[in-house]
Amino acid sequence: MSNDTPAAPAAPSDFIRDVVAQHVADASYPKILTRFPPEPNGYLHIGHAKSICLNFGIAREFGGACNLRMDDTNPTKEDMEYVESIIFDVNWLIAGWADGVKTPQLFHASDYFEQLYGFAVTLIKKGVAFVCDLTGEQIAEFRGAPGDLGRPSPDRDRSVEENLDLFARMRAGEFADGTKTLRAKIDMASPNIHLRDPVIYRIRHTEHQATGNQWCIYPMYDYAHCLSDAIEGISHSICTLEFEVHRPLYDWLVDEVGLWNPRPRQYEFARLSLTYTLMSKRKLLQLVEEKIVTGWDDPRMPTICGMRRRGVTASALRNFAYHIGVTKYMSLTDVAVLEHAIREDLNKIAQRRLAVLRPLKVVITNFPEGKTEQCAAVNNPGDETAGTREIPFTREMWIEQDDFMEVPAPKYFRLKPGGEVRLKYAFIIKCDEVVKDADGKVTELRCTADLDSKTGGPTAGRKVKGTIHWVSAAHALDGEVRLYDRLFTESEPEKDGRDFKTVLNPHSLEVITAKLEPSLRDARADARYQFERLAYFTLDADSKPGAPIFNRTITLKDAWAKEAQRG
RNA sequence: UGCCUCAUGGUGUAAUGGUAGCACAGCAGACUCUGAAUCUGCUUGUCUAGGUUCGAGUCCUAGUGAGGCAACCA
């Protein structure tokens, strides 16, 4: 019964949370510590949102914490721009929900380069790592294909002293890129290819986004990730399924360095796939570079910044993540689940407004010229505290073209010749006359209003089947409205290896000028609006004072569209 | 061809050897000054074949199907 932030939904049950719960029950770890470890080589998307919600959600539910860690071990692909966007997006997504469990400090794999170097020396001294002179091609060839056996590198039995010397000189910058690597000495005959003496350090004379020119050797993901987890005291290292085959290497490295008890363990879950959506960073980059979209934050992008600009709320994204669950099954989630989460959240918070997207002039012939009557409109029918506002009603009005049919379809109950309809929050009107231009196109409707039918009036209770929205022509504010739709016409854009560019939706963006109710002049960037009977909208950052631009987040469900299609 | 993993309605998930449930989608209906929301109801499922058990979606074996793994990427 409190007005505080709503209680967290009951923790969902999934195989990872089950493990964590067991570890909490057994007190296996002093504290549950997860981490979200993106590589700063691109913008975060809704697939990352799933992972963020999982990692921060577990920390939150089990009294733990979660580290945000830049997995920045490959300076050739990483950039500060991405670091900043990732920090912003994560904070936005968890704000008011799990910000309390986010470790204040920002972590980097690169914070540990010195320690990681030391561990590598330890491994060399133990005789389980060696410097290898093979080229990349040779390494691949010696590694062998799955099913075959690998062959050992000729350098595999170098002495500890020589390895130590060579590795130090690698660090000192004596060798060119690609001429030497440090490799773990594990098992060239392993059926798991990742165990066939994996490369753990390579030479890269490249400036690093965080460490500058301090290093010219950089650890590989497999080496850096598990040890970074261990250094931070991570209890549960949660990643996606493709790392499953890396787990034996993760365990081998942590155990060989051997400093941690309890030690971190890796768990894998299936990444998110969504219908009508591309998820790979590479493909999203392609959309940006080929200018199919306007940028990473184009409202059609499945990036967190794109969805935010589109008007999607963080809580909608979190609820979505909650609903789809966590498994090891490679599923394809219907984008309708996401859309439902968005509508559910927006329905609760959106301010209702009247706006006409495709205007048709209506003249109320029995309403005096020059007169303005204020109509009280509720801001949110589900939230009394949202209050009401006044909308001006005059003789000349805009209504939606779709809300009139000269020859009405079956079951159509909006305006038609001789028919009645209610103007929301105002009068019931009757269509007396249809005015057309030379081409026979309807240009104007002449109607009479039942002047007693306004809310509170004597005939206010009269039932008419249809209610439509409207805007006073004299008061209407012209505003740009960007109508976004899904980017692809096919639910699986890349099905059977098809090029997604062959199934782009040519109507994924339509820009129109709409007639807005005057109060929208004061629209706020942080608010969400529902243009009644149409869709949810949010103000775009491109807006200028007096020249608002609205992005359509998502349409309202439309039973009539379905019905009309059937007929 | 080797190794790893997964398989529950149309979709996503729950059921931890004991009545197969939830959500989305769909379909009906109620209500409605949003063809929205809300409410009610309905349809649809344990990949196959064996086995263990009083009892199997769950355990075992085999098969089938799907995904992953052979960057000095993560």
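Thr 467 has an N or O atom in its side chain that sits 3.3 Å from a sugar or linking oxygen of RNA strand B. That makes a polar contact, meaning a pair of N or O atoms within 3.5 Å (within protein, one must be able to donate a hydrogen and the other to accept it, and residues adjacent in sequence count only if both atoms are side-chain atoms). This is a predicted model, where local features need pLDDT of at least 70 and side-chain atom pairs count only at pLDDT 80 or more, while totals for chains, interfaces and linings use all residues. Residues are numbered from 1 along each chain as its sequence is written, and side-chain values use heavy atoms, with hydrogens and water left out.

Here are some side-chain contacts with the RNA:

| Residue | Atom of RNA strand B | Distance |
|---|---|---|
| Asp 71 | sugar or linking oxygen | 3.1 Å |
| Thr 467 | sugar or linking oxygen | 3.3 Å |
| Lys 562 | phosphate oxygen | 2.7 Å |

Now the wider surroundings. RNA strand B is surrounded by 73 residues, and Arg 204, Met 330, Arg 352, Arg 414 and Thr 455 are the closest. Of the RNA atoms that come within 4 Å of the protein, 66% belong to sugar and phosphate. A residue is near the strand if one of its heavy atoms lies within 4 Å of it.

Then there's Asp 298, in the loop between helix 9 (281-289) and helix 10 (304-310); helices are DSSP runs of H or I, at least four residues, numbered from the N terminus. Asp 298 counts as buried because its relative accessibility is 1%, and buried means under 20% relative accessible area (1.4 Å probe, protein chains only). A polar atom of its side chain lies 2.8 Å from the backbone nitrogen of Arg 300.

Notes:
Chains are lettered from A and ligands numbered from 1 in the order in which they are written. Helices (H or I, at least four residues) and strands (E, at least two) are DSSP runs, numbered from the N terminus. Buried means under 20% relative accessible area, exposed over 50%, partly exposed in between (1.4 Å probe, protein chains only).
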